[in-house]
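The sequence and structure come first.

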Amino acid sequence: MNIRQATKQDSKQIAPLMYQAIHEIAYTLTASKNTSEVLERLAGWVEHPKNRLSHKNIWVADVEGEVAGIIISYRGDEAEELDRPIREWLKARGSEEELDVETEGHVQYIDSLAVAEAFGGQGIGTKLIEHICTVAEEHRVPAVTLNVDQENVAAHRLYTRLGFQKEKEINISGAKFDYMKKEINSPPFSV
């Protein structure tokens, strides 16, 4: 397995994983509830260079040319700028959907994480999270943050095991999430 920066050419493999990860939020970001249209629009956002879902903010776990997992991550202080093209696109189409503020400040934010079902249980999600923590460390970003759906017990357990701690509760697309944070100078991962 190789973790690498995503490319535009990965968009069709990334879109279903992104949809798996963000569920209802995908409807907000695409102004559609039609699955094929949602996947097509997500792939389009992946191909577009300047937005939160761009290939430039995605790393993939590549197993022999197949995208086995994805992680979308960007700096919290860039979130508003990265959301602007999506907001403008939604407004131009008459959508009244609002994008919730998911992060802010000088942190490396993990927007989404997904592993293809065929590759589950192999530690790919953990490796992707570790990679983002390394990216944060290399760029001298003091913390990595993420939001986890309060109903996703397995994900919450994984993030806690990896050193993330709940900071607060927030609402995203009508669901309750725990905003969690891991200081980069904290002890190594305990796997």
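## Salt bridges

D62 and R4 form a salt bridge through their side chains, with 2.9 Å from N to O. The two partners are 58 residues apart and belong to distant parts of the chain: R4 is in strand β1 (residues 2-5) and D62 in strand β2. D62 counts as buried because its relative accessibility is 13%, and the cut-off for buried is under 20%. The model is predicted, and it holds ten salt bridges. Side chains of opposite charge can pair when their charged atoms come close.

Another salt bridge joins D83 and R52, at 2.6 Å from N to O. D83 belongs to helix α4 and R52 to the loop between α3 and β2, so this bridge ties together parts that are 31 residues apart in sequence. Both ends are buried: D83 has a relative accessible area of 6%, and R52 is at 2% relative accessibility. R52 and D83 also belong to a network of salt bridges that includes E102 and D111.

K166 and D178 meet in a salt bridge of 3.3 Å, N to O.

K168 lies over the face of Y179, at 5.1 Å from the ring centre.

## Aromatic pairs

How many aromatic pairs does a search of the whole structure find? There are four aromatic pairs. In one of them, the ring centres of Y19 and Y27 are 6.1 Å apart and the planes stand at 65°, so the pair is edge-to-face. Y27 is partly exposed, at 22% relative accessibility.

W45 and W89 form an edge-to-face pair too, with 5.6 Å centre to centre and 80° between the planes. This pair links distant parts of the chain, 44 residues apart: W45 is in helix α3 (residues 35-47) and W89 in helix α4 (residues 79-92). Both W45 and W89 are buried.

## Helix α1

Helix α1 covers residues 11-22. Its twelve residues reach 16 Å from the first C-alpha to the last, close to the 16 Å expected at 1.5 Å a residue. The buried residues of α1 are S11, I14, A15, L17, M18, Y19 and I22. They pack against α2 (24-30), α3, β2 (58-63), β3 (66-75) and β4 (108-115).

S11 has a relative accessibility of 2% and therefore counts as buried. Leaving out residues up to four places away in sequence, S11 touches A43, V46 and E47. S11 and Y109 are 98 residues apart in sequence, and their C-alpha atoms are 21 Å apart.

## Positive phi angles

Most residues other than glycine have a negative phi. H23, which follows α1, has a positive phi near 45°.

A31 has a positive phi, near 55°. A31 is placed in the loop between α2 and α3 and is partly exposed at 35% relative accessibility. E64 has a positive phi near 50° and lies in the loop between β2 and β3. With 83% relative accessibility, E64 counts as exposed.

Note on methods
Residues are numbered from 1 along each chain as its sequence is written. This is a predicted model: local features need pLDDT of at least 70, side-chain atom pairs count only at pLDDT 80 or more; totals for chains, interfaces and linings use all residues. Side-chain values use heavy atoms; hydrogens and water are left out. Helices (H or I, at least four residues) and strands (E, at least two) are DSSP runs, numbered from the N terminus. Buried means under 20% relative accessible area, exposed over 50%, partly exposed in between (1.4 Å probe, protein chains only). Contact means heavy atoms within 4.5 Å. Rings of Phe, Tyr and Trp (its six-membered ring) pair if their centres lie within 6.5 Å; planes under 30 degrees apart count as stacked, over 60 as edge-to-face and the rest as tilted. A charge sits over a ring if NZ of Lys or CZ of Arg is within 6 Å of the ring centre and within 35 degrees of the ring normal. The expected span of a helix is 1.5 Å times one less than its number of residues. A salt bridge is a side-chain nitrogen of Lys or Arg within 4 Å of a carboxyl oxygen of Asp or Glu.
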